[in-house]
Amino acid sequence: MSAAMDQPLDPELRGAILAAVDRGFAAQLAFTQRLVATPSLRGAENAAQDLMEEQFRELGLEIDRWTLDADEISRHPAAGAIDVDYSRSDVVVGTHHADDGGRSLILNGHVDVVPTGLPELWDRDPFDPAIVDGWLHGRGSGDMKAGLAAIPFALRALRDAGLRPAGRIHVQSVPEEESTGNGTVSTLQHGYHADAVLIPEPVGGDLVRAHLGVIWFKVRLTGRAAHAAEMSDGFNALDGAYALVGALRGLEEFWNARSSEVPHFEGIEHPFNFNVGTMHGGDWTSSVPDHAEFTLRAGFPPGHDVDSAWAEIRECIDTAVASLPVLRGASVTVAKTGFYADGYVLEPGSAAEAVLADAFHSAVGRHLGTRTMLCYIDSRVHGLFDGTPALVFGPECRRMHGADECVSVASLQEVTGAMALFIAQWCGVKPL
C-alpha cells in the first residue's frame with residue numbers, strides 16, 4: 001500500500017493507519033504517564049527531554065540536541081526577554097529524512113509545564129498521572145504532554161502499518177513555550193524549516209484560527225520607609241503598586257472596548273486580559289513598605305503589533321506616575337521579563353488546513369471546527385517569522401494551569417488518529 005500527496009487516502013490505507021493507532025494506544029498512554037510523572041518546570045526540563053529523545057531514537061530518527069543559548073536567542077526578532085538560567089533547558093529534534101518528493105513537515109510540542117500551585121488544592125499529587133473516569137490527570141497532562149507524546153506515536157502507527165513518510169519530517173520537543181517561545185525560536189536559528197507545521201496543543205479537537213499577543217513585564221516601586229504610626233512621613237510602595245495596577249486596568253478596558261473590531265475576536269467577552277501574576281513588597285507589618293514589585297501578563301489583539309502595545313503600556317505607567325497623588329515621590333522601573341510576542345492568525349485556505357480537515361473527518365467522523373485562543377501559542381513563531389502555515393490542533397483539556405489539570409483519553413486517541421492520517425496525506429507515504 002502507498003499513497004501520494006494531494007490524493008485522498010484510500011479506505012484500506014486509512015483503515016490500516018487507524019488500526020495501528022488503536023493497537024499502539026495503550027503503549028502511548030503508558031509513555032504519556034511516564035512523561036507527566038517527570039516534572040519539567042522552567043529551567044529543569046532535561047529529564048523529560050531524555051524521555052522524548054528515547055522515543056525519537058526508537059523511531060530511528062536522526063537526533064539533534066542542544067542547550068538554549070541566551071545570547072544567540074536574544075538576537076532573533078521573535079525572542080522573548082530572558083531572565084532565567086538556560087543551562088538545563090535543552091531542545092530535542094528528531095529528523096526523518098526522505099527523498100521521495102513528499103512535502104516536508106514540522107511536528108512541534110513543548111515539554112515545559114507551569115508551577116503546580118498549592119498542593120492541598122489538588123485531589124492527588126500533581127505528578128501522579130492517574131486515569132480517572134476517562135481523564136488522565138497531572139500537571140502538564142493536557143498542556144501539553146499528551147499532545148507532545150502523541151507525535152512519535154502517530155509516526156509509529158505509520159511504521160506499524162508498513163509505511164514510511166515520503167517527505168522530510170522534523171519532530172521537535174522544545175522548552176520555554178510557557179514563558180517566552182524561545183525554544184521554538186531556537187529551532188529556526190538552527191535551520192529547521194518545513195512546508196507546514198502542526199502543534200498538538202490542548203484545544204479540544206478544533207483548529208486554532210487566531211491567538212492573541214502577550215507581553216510579560218515587571219514593575220518595581222521604591223518608596224520611603226517610616227513607622228506605621230507616622231505614615232505621612234513615608235511613601236507606601238504597595239499602595240503605589242495597587243494604584244499602578246488600577247491605571248493598567250484602564251488600558252485593559254480600552255483594548256477590550258475595541259474587541260468587536262478585531263477579526264476572530266468578535267463576540268468574545270473581554271478577550272484581552274491583564275493578569276497580575278505575582279506581587280510582593282515590604283518587610284515588616286508596622287513599617288511603611290519602601291519597596292514593592294509586581295509582574296503582569298498583558299494580552300493584546302493580533303494585528304496590534306507588539307512594539308505599539310508595549311509603548312501604550314509604558315505610556316500608561318508613565319502617565320500614572322506623573323499624575324496620581326498616591327504615586328508622588330515614587331521611583332518606578334519597568335522591565336520585560338518573558339513573552340514579547342505578537343498575536344497570530346492562520347488565514348483560511350491553506351493546503352495544509354484542507355488536508356487536516358480531511359484527516360480529522362476521516363478519523364473522527366465529524367467536521368473540523370475552529371476556535372480563537374486567548375493565550376500565547378508557538379504557532380506565531382513559524383507563521384510570522386518563517387512564513388509557514390502553523391496548524392494548532394489537539395485534545396480536550398480541563399483546568400489548564402490549575403489544580404487537577406487533566407486531558408481526555410478518548411479525545412487524545414481521536415487526535416492521534418487524525419495526526420497520523422494528516423502526516424500520511426500531507427507528506428505522502430511509501431511502503432517500508
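This is a predicted model: local features need pLDDT of at least 70, side-chain atom pairs count only at pLDDT 80 or more; totals for chains, interfaces and linings use all residues.
1. Two helices, α1 (11-36) and α4 (141-160), each bring at least two residues to the lining. Sorted by class, the lining has four nonpolar, three polar and two charged residues. The space inside comes to about 60 Å³, and the structure has one cavity of 30 Å³ or more.

2. Next, have a look at H304. You'll find H304 in the loop between β14 (291-300) and α7 (306-323). Is H304 buried or exposed? With a relative accessible area of 18%, H304 falls under the 20% cut-off, so it counts as buried. Its side chain makes a polar contact with the side chain of E312, at 2.8 Å. Leaving aside residues up to four places away in sequence, H304 touches W255, A309, E312 and D342.

3. Now the salt bridges: the structure holds 17 of them. One is between R164 and D100, with the closest N and O atoms 2.4 Å apart. This pair links distant parts of the chain, 64 residues apart: R164 sits in strand β6 (residues 163-165), while D100 is in the loop between β2 (90-96) and β3 (105-110). R164 is partly exposed, at 30% relative accessible area, and D100 counts as partly exposed too, at 32%.

4. Another salt bridge joins E405 and R139, whose closest N and O atoms are 2.7 Å apart. Why does this pair tie together parts that are 266 residues apart in sequence? Because E405 lies in the loop between β19 (397-398) and β20 (406-408), whereas R139 lies in the loop between β5 (135-137) and α4. Both E405 and R139 are buried.

5. E353 is buried at a relative accessible area of 13%, and R209 counts as buried at 8%.

6. Last, a group to trace on the model. Which residues are linked in a network of salt bridges? They are D50, E53, R57, R65 and D90.

Terms used. Residues are numbered from 1 along each chain as its sequence is written. Side-chain values use heavy atoms; hydrogens and water are left out. On a 1 Å grid over the protein atoms alone, a cavity is a set of points where a 1.4 Å probe fits but cannot get out, and a pocket is an open set with protein on both sides within 12 Å along at least five of seven lines; lining residues have an atom within 4 Å of a point. Grid points are joined across faces, edges and corners, and a volume is the space filled by probe spheres set on the points. Helices (H or I, at least four residues) and strands (E, at least two) are DSSP runs, numbered from the N terminus. Ala, Val, Leu, Ile, Met, Phe, Trp, Tyr, Cys and Pro count as nonpolar, Asp, Glu, Lys and Arg as charged, and the others, Gly among them, as polar. Buried means under 20% relative accessible area, exposed over 50%, partly exposed in between (1.4 Å probe, protein chains only). A polar contact is a pair of N or O atoms within 3.5 Å; within protein, one must be able to donate a hydrogen and the other to accept it, and residues adjacent in sequence count only if both atoms are side-chain atoms. Contact means heavy atoms within 4.5 Å. A salt bridge is a side-chain nitrogen of Lys or Arg within 4 Å of a carboxyl oxygen of Asp or Glu.
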